[in-house]
Amino acid sequence: MEKVKLVILQTSDVHGHIFPIYYGTNGYADVGLGKISTLVQAERKKNNYTLLIDNGDLIQGTPLTYQYVRSDSRNNLPNPMVVVLNELQYDAGVLGNHEFNYGMEVLEAAISQARYPWLSANIVSSADGTPYFGKPYMVKRYSNGLKVAVLGLTTPYIPYWEKPEHIQGLTFDDPVETAKKWVPFLKEKKQADVIIISYHGGFERDLDTGEPIEKITRENQGYRLCHEVEGIDVLLTGHQHRQIAGKKVNGVIVLQPGSSGSFLGKAELELGKRDGKWTVIHKDSQLLPVVGVPEDGTILEKVKIYEEITQQWLDQPIGIIEGDMRVKDALEIRLGDHPLIEFINKVQMDAAGVDISATALFDNESPGFPENVTMRDVVSNYIYPNTLKVVRITGKDMKDALERSASYFKQYKGGKIEVNPTFTIPKPQHYNYDMWEGIEYTINISKPEGERIVKLLYKGAPVKPDAHYDVVMSNYRAGGGGQYFMFQGKPVIKEITTDVSELIANYLLERKKVKATVNHNWKVIYD
């Protein structure tokens with residue numbers, strides 16, 4: 001029996017990382033496609049039958065990609081992420097939710113510049129129901145007759161997060177139902193020997209027990225795909241930034257290679273040919289870390305100009321902070337009002353013309369602002385390309401939202417204060433803990449979830465459940481992102497379409513000096 005080994009290599013959630021750099025400090029970091037390139041070349045040398053796939057969330061995520069999109073360089077330079085994927089000879093890419101953050105013009109330009117197909121079978125035209133980006137799947141044919149099909153799918157939860165104008169004319173079909181349609185087609189009509197689904201989404205259930213690991217929505221449906229769609233050999237996943245390998249779910253090999261180009265996912269399939277038909281004999285998977293792997297200088301040279309422009313932009317001084325806005329302890333900031341959070345909320349209120357605001361400390365790496373602020377400091381603290389919306393909510397909505405934030409903490413029963421695992425597993429979601437300005441509130445984490453807001457005042461008076469309040473928040477939160485479902489469908493009074501990072505920079509540029517203040521309008525207690 002003729003045998004062959006097929007190697008499937010996967011990146012996912014690279015989020016603009018090419019160089020081995022943490023832009024907040026310019027320190028060295030074990031991330032990026034420069035290092036991934038070295039691993040890919042080594043794998044290709046070992047095996048002729050390889051497939052290289054990117055699973056989405058590629059073109060957004062670092063100052064390099066942000067500066068490229070926001071500057072004039074976009075008019076005469078191709079997207080740097082696509083440049084690298086072209087050089088690495090990717091076989092296919094899949095659309096992730098963050099691909100839409102910069103709007104359709106930027107996305108369609110990136111797709112047109114690629115020498116590989118971008119796949120998504122379930123993002124369809126609202127007009128006629130056909131795959132909007134033209135290519136739901138691809139089939140790679142090898143010289144020995146082996147045919148490998150790759151079906152692209154994308155989380156359909158994008159309308160809850162994305163600006164409507166960025167997804168106009170698009171409908172996001174259910175990935176499971178879409179797969180049920182296309183997998184038999186690829187098996188029967190295309191005579192594919194191997195079926196790979198590259199799905200920009202994750203797992204809603206524990207891979208071993210099947211127990212839910214999050215509120216069951218349509219955001220992550222990987223477990224359902226493995227159990228409800230027959231004929232899948234490999235399921236490549238992402239979106240959750242998890243590290244998953246060496247696992248099978250209902251016989252389907254599954255992979256998820258973290259984020260930022262920190263791992264290269266690798267699935268190996270041993271195939272045998274009998275009676276003219278290739279069948280899978282054995283399959284396994286692993287993650288190849290980039291720690292200690294030298295970056296590919298040839299690849300980095302191809303995008304050197306983008307990096308030079310970015311570094312010049314990041315080092316631009318924009319203002320001075322009088323006082324202390326540095327982050328020394330991320331948990332401490334979430335336990336009581338802090339000058340950095342108060343400042344960002346002030347910027348939001350100034351831009352929106354309202355007196356209530358909510359924002360978050362997005363991760364535990366945010367450094368805060370030094371005395372002399374540069375663009376590097378701004379984008380290191382406000383890392384997402386969010387815009388703002390003013391949403392009219394009720395007092396009950398406000399209380400429910402604060403209770404959602406208060407669930408960030410485990411119930412305090414003595415000892416140290418701990419973060420609720422639902423905010424850290426399967427991936428860190430510190431960005432879903434909001435801190436408000438313009439109201440006074442107290443969170444008592446000794447109480448059970450849903451009963452923790454023990455004080456809630458607006459202008460010195462209790463917030464009334466049926467009264468209305470205008471609140472400025474990110475477009476992500478206004479759409480219900482982070483399980484803030486109480487905001488979904490509420491009247492949008494105003495939209496501020498400038499990115500928040502630009503609003504922060506402009507605020508500093510106009511005032512030149514800003515005092516660090518903190519009014520202690522909220523706090524976390526326990527008894």
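**View 1. Helices H10 and H14 lie roughly perpendicular to each other.** Roughly perpendicular denotes an angle of 65 to 115 degrees, and helices are DSSP runs of H or I with at least four residues, numbered from the N terminus. The model is predicted: local features need pLDDT of at least 70 and side-chain atom pairs count only at pLDDT 80 or more, whereas totals for chains, interfaces and linings use all residues. Residues are numbered from 1 along each chain as its sequence is written, and side-chain values use heavy atoms, with hydrogens and water left out. H10 and H14 (residues 500–511) pack at about 90°, with axes 10 Å apart; axes are lines fitted to C-alpha atoms over the stretch in contact, and angles between N-to-C directions run from 0 to 180 degrees. Contacts (heavy atoms within 4.5 Å) join Phe343, Ile344, Val347, Gln348, Asp350 and Ala351 of H10 to Val500, Leu503, Ile504, Tyr507, Leu508 and Arg511 of H14. By class, this contact has nine nonpolar, one polar and two charged residues; Ala, Val, Leu, Ile, Met, Phe, Trp, Tyr, Cys and Pro count as nonpolar, Asp, Glu, Lys and Arg as charged, and the others, Gly among them, as polar.

**View 2. The largest nonpolar core holds 121 residues.** Such a core is a set of buried Ala, Val, Leu, Ile, Met, Phe, Trp, Tyr and Cys residues joined through side-chain atoms within 4.5 Å, where buried means under 20% relative accessible area (1.4 Å probe, protein chains only). Phe100, Trp118, Phe343, Met398, Trp436 and Ile504 touch the most other members. Helix H10 (residues 339–352) supplies the largest share of this core, seven residues. Leaving aside residues up to four places away in sequence, Ile504 touches Phe343, Ile344, Val347, Phe369, Val378 and Tyr382.

**View 3. Helix H12 (residues 395–406) is largely enclosed by the rest of the structure, because nine of its 12 residues are buried.** Among the buried residues of H12 are Asp397, Met398, Glu403 and Arg404. Their cover includes strands S22 (388–394), S23 (434–437), S24 (440–444), S25 (453–458) and S27 (468–474); strands are DSSP runs of E with at least two residues.

**View 4. Leu170 sits in strand S10 (residues 170–172).** Leu170 is buried, with a relative accessible area of 10%. Not counting residues up to four places away in sequence, Leu170 touches Phe100, Met104, Ile123, Val124, Ser126 and Tyr132. Gly129 is 41 residues from Leu170 in sequence and 9.0 Å from it in space, C-alpha to C-alpha.

Terms used:
Buried means under 20% relative accessible area, exposed over 50%, partly exposed in between (1.4 Å probe, protein chains only). Angles under 35 degrees count as roughly parallel, over 145 as roughly antiparallel, 65 to 115 as roughly perpendicular and the rest as oblique.
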